[in-house]
Amino acid sequence: MAEATEKEKIKRKTVAEMKKLGVYKKEYGRVIEIYAELVAQYDKLNRDFEEGGYKFQVITAQGGAKKAPIVATLETLRKDILTYSDRLCLNPKSIETVTTDNKKGKSKLAGVLGGLK
């Protein structure tokens with residue numbers, strides 16, 4: 001239940017940030033939903049990793065060491081979050097490549113017609 005609340009907070013914050021940047025569209029709902037889920041999972045796993053003392057290696061059956069599964073999962077989530085944040089224009093590099101109505105100068109005619117609604 002707490003995870004659902006965390007996910008909803010992330011979702012609301014993401015929508016607010018996108019609106020502020022002028023890139024939000026309601027049609028992005030599914031992508032925002034997935035992004036919020038990924039961030040919530042990352043936050044939870046990161047807390048678990050911290051509480052576990054940041055154990056980044058585990059001992060194998062042969063006596064060697066390998067990367068702990070939680071580290072691999074966190075790395076994968078980071079990459080996925082970055083990909084989704086690019087698609088949602090939530091980082092400086094991706095926002096530079098987007099053209100939105102807010103960035104384009106409206107013509108005088110469009111301004112007048114828009115005011116007639």
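This is a predicted model: local features need pLDDT of at least 70, side-chain atom pairs count only at pLDDT 80 or more; totals for chains, interfaces and linings use all residues.
Two packed helices are described by the angle between their axes and the distance between the axes. For helix 2 (residues 29-51) and helix 3 (residues 69-87), the angle is about 150° and the axes lie 9 Å apart. Angles over 145 degrees count as roughly antiparallel, and helix 2 and helix 3 are therefore roughly antiparallel to each other. Their crossing is left-handed.

The contact between these helices involves residues from both sides. Helix 2 contributes V31, I34, Y35, L38, V39, Q41, Y42, L45, N46, D48 and F49. From helix 3, the residues that meet them are I70, V71, T73, L74, L77, R78, D80, I81, Y84 and S85. Of the residues in this contact, 14 are nonpolar, 4 are polar and 3 are charged.

The largest nonpolar core in the model consists of 21 residues, and V23 and I81 have the most contacts inside it. At least two residues of this core come from each of helix 1, helix 2 and helix 3. Helix 2 supplies the largest share, with 8 residues. When residues up to four places away in sequence are not counted, I81 touches Y35, L38, V39 and Y42.

In helix 1 (residues 2-21), E17 was examined separately. Its relative accessibility is 35%, so E17 counts as partly exposed. Although E17 and C89 are 72 residues apart along the chain, their C-alpha atoms are separated by 9.7 Å.

Methods
Residues are numbered from 1 along each chain as its sequence is written. Side-chain values use heavy atoms; hydrogens and water are left out. Axes are lines fitted to C-alpha atoms, for helices over the stretch in contact, and angles run from 0 to 180 degrees between N-to-C directions. Helices (H or I, at least four residues) and strands (E, at least two) are DSSP runs, numbered from the N terminus. Angles under 35 degrees count as roughly parallel, over 145 as roughly antiparallel, 65 to 115 as roughly perpendicular and the rest as oblique. A crossing is left-handed if the near helix is turned anticlockwise from the far one by less than a right angle, and right-handed if clockwise. Contact means heavy atoms within 4.5 Å. Ala, Val, Leu, Ile, Met, Phe, Trp, Tyr, Cys and Pro count as nonpolar, Asp, Glu, Lys and Arg as charged, and the others, Gly among them, as polar. Buried means under 20% relative accessible area, exposed over 50%, partly exposed in between (1.4 Å probe, protein chains only). A nonpolar core is a set of buried Ala, Val, Leu, Ile, Met, Phe, Trp, Tyr and Cys residues joined through side-chain atoms within 4.5 Å.
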